[in-house]
Amino acid sequence: MTKEVFVIGIGGTGMRCIESFIHLCAIGMFDDTEVNMLALDTDKDNGNFTRLKNLKEAYIKTKGIGKKQEALKDTFFSAKLNYYQFSPDYSQKSTFEKLFDYGDLKYRNPDEAAIADLLLTDNAKQFDLKHGYRAQTHLGSMLMYHSIVDEIRKGDSNSDLRRFIQKLIDASAGHPRVFILGSVFGGTGASSIPIIPKAIRDAANLMSQATDIEKNAYFGATLLTAYFSFAAPNADELARQKVIATSDKFALNSQAAIMFYESDETVRKTYQRLYMMGTDGISWKPGK
């Protein structure tokens, strides 16, 4: 009987992991398996999405037509791949202030505005979200959760995210495995990993209240610690972009995230397995 698995790659690191996973499928490591892949990032136009889609299309083209696209045994390109992607829409409202009408919120609901002021700096409210959450994980977790749930509330049957969650609902009676890949030192991955099981559960409940994804599915994740570095921003870049993640904080970010995952009850309840992966340094520089 064909197995069905669900793999979610979050952020740039997560999508690179999915690329590696596709190569494993190509050498026949997932015989008789249907793989549902979801690539999730804030920037739909970035190079990671393009490279991943090109690789997926190359896999499907090489696998062949007709029955060859089904899950096969004892051969290369044996797994059947179903590819989905989702990016929050920040094209019209690209900052926290614009998303939540913060200027009006101060007058309509000063208590809620006061909470935002307590948790977020002015720069965090004003930086452009289209290129990631820039290590502002407290902000990113909230925004990614609501983006996922709001996407399902739209009721768009053509939404990749809806189609992915529907596949998970359909498989729920068989206790499907959902495996998540992402970094813990940056923005999108670190923001999303803690809330993905809850976001998927609540999104699935909007589509089918008879399904309890959190109860029926098994969630696991590989958490990648820092493995690269880049030059620090200059004063002009920082002034223009408001908030920029810097690689000198990656080790501290990773440590804080791991401590959170270890102690947080929601994470401990929703994940059955957490694995760590890292390198002994961050000397690699992207693009070299």
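A crossover counts as right-handed if, with the strands pointing away from the viewer, the path from the first strand over the helix to the second runs clockwise. Keep that picture handy, because this predicted model has a right-handed β-α-β unit built from strand 1, helix 1 (residues 11-26) and strand 2. Strand 2 then goes into another right-handed unit, this time with helix 2 (residues 47-63) and strand 3.

**Strand pairing**

- Strand 1 (residues 3-10) runs parallel to strand 2 (residues 33-40), and eight bridges link the pair.
- Within that pairing, Ile 10 sits opposite Leu 40 of strand 2.
- On to strand 3: strand 2 pairs with strand 3 in the parallel sense too, over seven bridges.
- Leu 40 turns up again here, standing opposite Phe 86 in strand 3.
- Strand 1 also has strand 4 (residues 177-183) as a parallel partner, with five bridges between them.
- In that pairing, Ile 8 faces Ile 180 of strand 4.
- Strand 3 (residues 80-86) has five of its seven residues buried, so the rest of the structure largely encloses it.

**Nonpolar cores**

- The largest nonpolar core has 51 residues, and the members touching the most others are Ile 8, Ile 148, Ile 165, Ile 180 and Ile 196.
- Helix 7 (residues 137-153) is the top contributor to this core, putting in seven residues.
- There's also a second, separate core of 20 residues, with Cys 17, Leu 55, Leu 181 and Leu 224 among them.
- If you skip neighbours within four places in sequence, Ile 8 is in contact with Ile 18, Leu 38, Phe 164, Val 178, Phe 179, Ile 180, Leu 181, Ile 196 and Ile 200.

**Helix 8**

- Helix 8 (residues 160-171) passes a simple length check: at 1.5 Å a residue its 12 residues should span 16 Å, and the end C-alpha atoms are 17 Å apart, which agrees.
- Ser 159 caps the N-terminal end, with a side-chain oxygen 3.3 Å from the backbone nitrogen of Leu 161.
- The buried residues of the helix are Asp 160, Leu 161, Arg 162, Phe 164, Ile 165, Leu 168, Ile 169 and Ala 171.

Definitions and conventions
Residues are numbered from 1 along each chain as its sequence is written. This is a predicted model: local features need pLDDT of at least 70, side-chain atom pairs count only at pLDDT 80 or more; totals for chains, interfaces and linings use all residues. Side-chain values use heavy atoms; hydrogens and water are left out. A nonpolar core is a set of buried Ala, Val, Leu, Ile, Met, Phe, Trp, Tyr and Cys residues joined through side-chain atoms within 4.5 Å. Buried means under 20% relative accessible area, exposed over 50%, partly exposed in between (1.4 Å probe, protein chains only). Helices (H or I, at least four residues) and strands (E, at least two) are DSSP runs, numbered from the N terminus. Contact means heavy atoms within 4.5 Å. Two strands pair if DSSP finds at least two bridges between them. The expected span of a helix is 1.5 Å times one less than its number of residues. A polar contact is a pair of N or O atoms within 3.5 Å; within protein, one must be able to donate a hydrogen and the other to accept it, and residues adjacent in sequence count only if both atoms are side-chain atoms.
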